[in-house]
Amino acid sequence: MRSRFIAVPVTGAALLTIGCRSGDTLPAPAFSVTDSAGIEIVESAAPAWGEDAWTVADSPGVVIGRREGDDRYLFGEVTGAVVLRDGRIAVLDAQAALVRVYSAVGEHIEDWGGQGEGPGEFNLPRSIFPYRGDSILVSEFVARSFTIFDDQGRFGRRMVPETRESFIIAWRKRMEEGDRSVTPAESCCNLWGPLATGAFLISHPEMIPNTGTGTGRGTITVAINPASGGAAETVADFAGGFYQLGLQDWPTRFHFQPWFSMTPGLDGYFVPARDSYSIDEYDNGGRLRRIIRLAREPRPVTEEIKATYEAGIRERIMAPGAPVEGLSAEEILAEMLAGPYPYHLPTFERLLVDPEGNLWAREFPYGTDDDTNEYFVFSADGRHLGVVELPAGLWVYRIGTDFVLGRVTGDLDVHYVHLYPIVK
């Protein structure tokens, strides 16, 4: 194992090798890099940014969407958006089954797709990603199929991955053999995006333990589906949520679950630990090559957090019309509040990577009135640069070199697409 320590302030990759006289005190290292068995471990104790910290503008530079009026600007359900290389903005409206294309200043140009089963049409579109060259990729719900268009909206091809089929076959076999030890939390499968190789990064649903007592942990399987089609290759199993077993027939879910998340990078993919401020970086073949750590303790679940969280649940459940399936609001509320609490909140909720390879990690929200939409930013070499606060209510789809693109939900659940400049 070899280590190197970088001193504060960080000015590059200068090593801390300057000798000290007796009685001198070295400054605390900003970050350290350790190489262990071919895996690089980068741990940051302080942000590298000073006065040069990045910020996001308070007001959006582009707003797309309206509450009423011209149909070309009325969204049903925005589930993704990308900025094309020439600056056009492509927005996926899942309800309309359309990719709606706008100019760099938000003027409608054209629509691609439409409801149907034909070439270039969608059934239940769910996500949109940049793909090889200038093309884009649209995934159907539960990764049933992937449709590829060029940058002019011309249909390229549709691929039906074998991942979903193979998972269903394997699950049915387990049921036939009487294996009831686990059950899937949701239907298969989730596409996290394309890798640099063109292959597709997919995860199976969380498998919840059904047997035993005490605290159990779910598992999520990640697979890589080749760009050419064919069978996906399983690369790893990851930890899922926490469950209390043995109290009833069905495992009791903990509050503040550490939901699984991952994201493709420029040359691989990233997975957050969720139980610590740590992120694992894998290459395109699924080999762990770097661990990125932040010297920061997880935040405890305080009584204030519990009270605010439970008040929010009560407000939703006790609203008029909330009771379902013959249960009263009180019964539903008691069931939802019955789960145990973890000792601390999850750490990173989701990850994004910008074109320069910087990793943006959104911190799990507190659930209190002072919540902020904060992202920890790490450089391509794993150093912690600092924290960027994004506008409240912005669900981010893409982070570019100089912009953040996402969705904002307004009154009456109307969706808007906002693009904010990044000031560096």
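Visitor: Does Phe-75 count as buried or exposed?
Guide: Phe-75 counts as buried, since its relative accessibility is 11%, where buried means under 20% relative accessible area, exposed over 50% and partly exposed in between, with a 1.4 Å probe and protein chains only. Please keep in mind that this is a predicted model, in which local features need pLDDT of at least 70 and side-chain atom pairs count only at pLDDT 80 or more, while totals for chains, interfaces and linings use all residues. Residues are numbered from 1 along each chain as its sequence is written, and side-chain values use heavy atoms, with hydrogens and water left out.

Visitor: OK, and how many aromatic pairs are there in the whole structure?
Guide: A search of the whole structure finds 21 aromatic pairs, where rings of Phe, Tyr and Trp (its six-membered ring) pair if their centres lie within 6.5 Å, and planes under 30 degrees apart count as stacked, over 60 as edge-to-face and the rest as tilted. One of them is formed by Tyr-73 and Tyr-102, whose ring centres are 5.8 Å apart with the planes at 45 degrees, so this pair is tilted.

Visitor: Where do Tyr-73 and Tyr-102 sit in the chain?
Guide: Tyr-73 is in the loop between β5 (62-64) and β6 (78-83), whereas Tyr-102 is in strand β8 (residues 98-102), and the pair links these distant parts of the chain, 29 residues apart. Helices (H or I, at least four residues) and strands (E, at least two) are DSSP runs, numbered from the N terminus. Both Tyr-73 and Tyr-102 are buried.

Visitor: Which pair do Phe-75 and Tyr-102 make, then?
Guide: Phe-75 and Tyr-102 form an edge-to-face pair, at 6.1 Å centre to centre and with 75 degrees between the planes. Phe-75 lies in the loop between β5 and β6 and Tyr-102 in strand β8, so this pair ties together parts that are 27 residues apart in sequence.

Visitor: What sits over the ring of Tyr-73?
Guide: The charged end of Arg-66 does, 4.2 Å from the ring centre, and a charge sits over a ring if NZ of Lys or CZ of Arg is within 6 Å of the ring centre and within 35 degrees of the ring normal. Elsewhere, the charged end of Arg-296 sits over the ring of Tyr-277, 5.2 Å from its centre.

Visitor: Changing topic, which residues of α1 are buried?
Guide: In helix α1 (residues 162-176), the buried residues are Thr-163, Phe-167 and Trp-171. They cover an arc of only 60 degrees around the axis, which puts them on the same side of α1, the arc being that of the directions from the helix axis to the C-beta atoms. On the other side, Ile-169, Arg-172 and Glu-176 are exposed.

Visitor: What do the buried residues of α1 pack against?
Guide: They pack against β14 (182-184), β16 (200-203), β17 (207-209) and β18 (214-225), where contact means heavy atoms within 4.5 Å.

Visitor: Last topic: which cysteines does the disulfide join?
Guide: The structure holds one disulfide, and this bond joins Cys-188 to Cys-189, with a distance of 1.3 Å from S to S; a disulfide is a pair of cysteine sulfur atoms within 2.5 Å. Cys-188 and Cys-189 are both buried, and the peptide bond from Cys-188 to Cys-189 is cis, with omega near -10 degrees.

Conventions:
The expected span of a helix is 1.5 Å times one less than its number of residues.
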